Amino acid sequence: MRDGVHLFTAVYTPKDTTKTYPILFMRTPYSIAPYGEDHNKVPLGPNRLFMHEGFIFVYQDIRGKYLSEGDFVAVRPFIPNKQNATDVDESSDTYDTIDWLLKNIKGHNGRVGMWGISAPGGYATAALLDAHPNLVAVSPQAPVTDWFMGDDRHHNGAFMLMGSFSFVSSYGRERDSISSIGLAGYGGYGTPDGYDFYLKHQTLKNLTQLLSVHKNPLWDDLMRHGTYDAFWKARTPLPHLTDVKPAILTVGGWFDQEDPYGPLKTQAAIARQSPATKQTFVMGPWYHGTWARGKGDRLENISFGSATGDFYRENIEFPFFMHHLKGKPDPHLPAAYIFDTGALRWDAYNQWPPKQAAPRTLYLQPEGKVAFTPPASDDKNGSAAYYSDPNHPVPYTAETRLMRGWEYMVEDQRFAARRPDVLVFASEPLEEPVQVAGQLQANLFVKTSGTDADFIVKLIDVFPEDTPNHPENPDAVMGGYQLMVRGEVMRAKFRNSFEHPEPLDTTTVNRVSFDMQDAAHTFKKGHRIMVQIQSTWFPLVDRNPQQFMDIYQADAADFKPAWHRVFFTPEYPSNINLMVIE
């Protein structure tokens with residue numbers, strides 16, 4: 001690198017030296033194993049279709065991880081105006097690596113492509129910032145994009161406890177030597193039940209103590225930066241995605257338990273800030289990374305009617321790189337290839353959200369109803385209250401789990417609907433389909449007895465009661481199944497500003513509006529649209545003390561029960577804004 005640091009890089013070149021080949025490059029913090037000239041990675045490339053087509057495949061341990069020198073910085077900030085050789089970031093490391101490859105690896109055709117999933121997807125995004133001129137095609141897939149607003153570590157300022165503790169306990173550890181062996185994470189759970197484990201340890205301070213055996217700078221940073229301060233703002237690439245030169249294939253999954261935020265916001269930023277960039281946006285019915293493998297025809301009890309993974313790899317990803325790197329025919333991919341998770345089909349659009357999608361408002365109604373008409377009455381039935389006790393939180397899953405998993409994304413939500421601390425609103429069976437395509441925004445009007453609270457809103461597709469059981473899993477009761485289309489959390493103290501939190505006013509009604517991210521889902525005729533509202537989602541999300549304070553410094557005694565009242569009157573019409581195709 002320009003500052004003299006060496007990054008460990010594996011290069012796989014075709015044995016046939018009579019031709020030239022493009023370079024396909026991935027950078028990762030997760031190891032490029034197997035190491036050694038007599039050990040080969042299988043498969044090579046974004047998917048198996050690439051292995052026999054003739055590419056130079058390059059894999060690199062990023063700075064500070066495994067066999068690469070230097071210090072590791074998670075989501076290292078981009079330096080826009082570099083002044084000297086010590087101003088390095090993931091963009092410059094990518095540029096320097098490509099430059100070295102072009103000068104030192106024989107048999108290339110001068111074209112370079114990049115891809116990556118999750119953190120490697122974030123490094124693919126970083127490559128777009130001051131991109132090397134020979135970098136012609138890049139595919140950020142589930143890219144880590146903003147760890148405070150919506151990716152793995154936080155959602156709307158709420159700390160994603162379960163995934164962060166287990167992952168960061170190893171990923172964030174400070175290494176004491178350069179090694180091909182990764183660092184172990186926390187292993188002292190002593191139980192298979194994550195709900196009990198996290199409830200027993202009560203506070204983030206106690207969890208910090210569990211990790212104190214090893215230096216863990218990343219965990220410490222998470223505990224220190226509890227608002228959207230300069231630390232977090234410097235770590236998102238979104239403002240810098242301007243004048244992007246390479247062709248882009250941005251990919252994500254509707255049931256991604258970690259990073260649906262990344263592809264959605266990366267696509268939007270490029271479309272808005274770099275409109276001349278050739279970009280194809282893909283969202284399929286997948287959980288994290290599964291578009292790279294497997295048929296993609298079902299998740300648990302939910303079938304998708306076709307092999308969506310095969311379709312993506314054969315008809316989108318492979319032709320994209322073949323065209324841009326090897327000059328093969330243009331596949332004429334649309335601007336957006338979107339799988340509708342209710343209609344069970346691929347839709348091609350010339351933009352996302354689709355131009356034909358118009359805003360519609362789904363209102364909460366008295367007597368546990370929802371409708372596309374505003375509430376008409378201001379009577380005593382114009383609100384509903386629930387008692388939220390953080391010491392008896394609503395579980396995020398009915399299963400006993402130590403690790404978060406992904407299954408909760410498609411799990412039947414009836415277990416939550418039966419809790420007294422979950423409000424449930426549902427439509428009548430639909431007389432016509434409702435096709436949602438675009439961003440969702442929750443708008444709640446609430447009065448609380450505490451000065452802070454979390455609000456979790458879930459948009460749910462309720463199957464008809466006569467839906468037959470799944471043929472491959474006959475024990476799964478699909479009649480009345482409650483499929484979560486989108487669920488999102490909002491830490492209410494950030495309702496007006498993520499930089500400057502404010503307490504809730506216990507004397508009046510507060511408006512709490514937040515981004516629920518996007519969806520593409522058709523609620524079929526005969527199905528019902530349901531909304532669930534709750535204030536704990538444990539241990540997926542850390543508990544809110546329901547007092548205005550620095551939660552990262554909270555003690556066990558700080559966690560207090562509170563009453564939360566949600567209003568649905570003409571003056572305070574709690575709702576979800578949808579984008580709907582008529």
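Q: What makes strand 21 (residues 510-523) count as largely enclosed by the rest of the structure?
A: Buried means under 20% relative accessible area, with over 50% called exposed and anything in between partly exposed (1.4 Å probe, protein chains only). Twelve of the 14 residues of strand 21 are buried, so the strand is largely enclosed.

Q: What kind of model is this?
A: It's a predicted one, where local features need pLDDT of at least 70 and side-chain atom pairs count only at pLDDT 80 or more, while totals for chains, interfaces and linings use all residues. Residues are numbered from 1 along each chain as its sequence is written, and side-chain values use heavy atoms, with hydrogens and water left out.

Q: Where does Glu-411 lie?
A: Look in the loop between strand 16 (383-388) and helix 10 (414-417).

Q: Which residues does Glu-411 touch?
A: Contact means heavy atoms within 4.5 Å. Not counting residues up to four places away in sequence, Glu-411 touches Tyr-396, Thr-397, Ala-398, Glu-399, Tyr-481 and Gln-482.

Q: How do you know that strand 18 (residues 434-448) and strand 24 pair?
A: Two strands pair if DSSP finds at least two bridges between them. Strands 18 and 24 have five, in the antiparallel sense, so they pair. Gln-441 stands opposite Asn-577 in strand 24. Strand 18 is also joined to strand 21, by twelve antiparallel bridges, with Val-434 and Phe-523 as bridge partners.

Q: What makes strand 24 (residues 575-581) mostly covered?
A: Six of its seven residues are buried. Seven bridges join strand 24 to strand 14 (residues 357-365), and the two run antiparallel.

Q: Why do strand 1 (9-12) and strand 13 (345-349) stand at the edges?
A: Nine strands form an open sheet with mixed pairing, in the order 1-3-2-4-5-8-9-12-13. Strands 1 and 13 each have a single partner strand, so one side of each is left without a neighbour in the sheet. Elsewhere in the order, strand 5 (residues 135-141) and strand 8 (residues 247-253) run parallel, joined by three bridges.

Methods: Helices (H or I, at least four residues) and strands (E, at least two) are DSSP runs, numbered from the N terminus.
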